[in-house]
Amino acid sequence: PTHFSLSVHNAIAGIYSIARKDHSPTTAISCAQDDVSSALLETQLILEEQKSEYALCVVYDEPLPERYSTTASPTRAYAASFLLCATPNCDTQALKLSTGARNKSKPIDVAEQANPSALELVQFLNQDTAKDLCFELSPQTWLWEKVLQEQEP
């Protein structure tokens, strides 16, 4: 049983909450290649439903053992976290998510991209020049757009 205990997808959230003695609700979802878009959408919905000020979204994965490996398995371990804020004036970068839409540049085919979509999104957020990012995972297309926030006087 000890070898199996960390193999379920909600184990990390459970162990983290036990270690921190944190009784906050957690949700673990398994969403394969379109990991970051599905995860952030779920986090936003939880943020609104629970009327929280903030919600933390952590996306992580690691390669499967060779005998179980598929094209959907990442080539290396990774993790990225995103702090979502309920109020638009919380010193964050605002993003708009559309489904089914496409940006002007060629969409990134999630199955063929070099990095997991979570890391692609982190790079996108840290670039000043890119205004949109599109992930294509048949039959779904996710379009992320940076939204300019008005500064208060």
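**Strand pairing.** I began with strand β3 (residues 94-99) in this predicted model, and I found that β3 pairs with strand β6 (residues 140-147) in the antiparallel sense, over six bridges. Looking for individual positions in this pairing, I noted that K96 stands opposite E145 in β6.

I then turned to strand β5 (residues 132-137), which also pairs with β6 in the antiparallel sense, and here too I recorded six bridges. Which residue of β6 is the bridge partner of D132? I looked this up and found E145, the residue that I had already noted opposite K96.

**Helix packing.** Next I looked at helix α2 (residues 35-49) and helix α3 (residues 117-125), whose axes come within 7 Å and cross at roughly 75 degrees. On the α2 side I listed D35, V36 and L40 as making the contact, and on the α3 side S117, A118 and L121. Sorting these residues by class, I wrote down four nonpolar, one polar and one charged for the contact of α2 with α3.

**Confidence.** Where in the chain is confidence lowest, and where is it highest? I found the lowest in strand β4 (residues 108-109), at a mean of 58, and the highest in strand β2 (residues 78-85), at 91.

Conventions:
Residues numbered from 1 in each chain as written. Predicted model: local features only at pLDDT ≥ 70, side-chain atom pairs only at ≥ 80, totals over all residues. Heavy atoms only, no water. Axes fitted to C-alpha atoms, helices over the stretch in contact; angles between N-to-C directions. Helix = DSSP H or I, 4+ residues; strand = E, 2+ residues; numbered from the N terminus. Contact = heavy atoms within 4.5 Å. Nonpolar A, V, L, I, M, F, W, Y, C, P; charged D, E, K, R; others polar. pLDDT = per-residue confidence, 0-100. Pairing = 2+ DSSP bridges.
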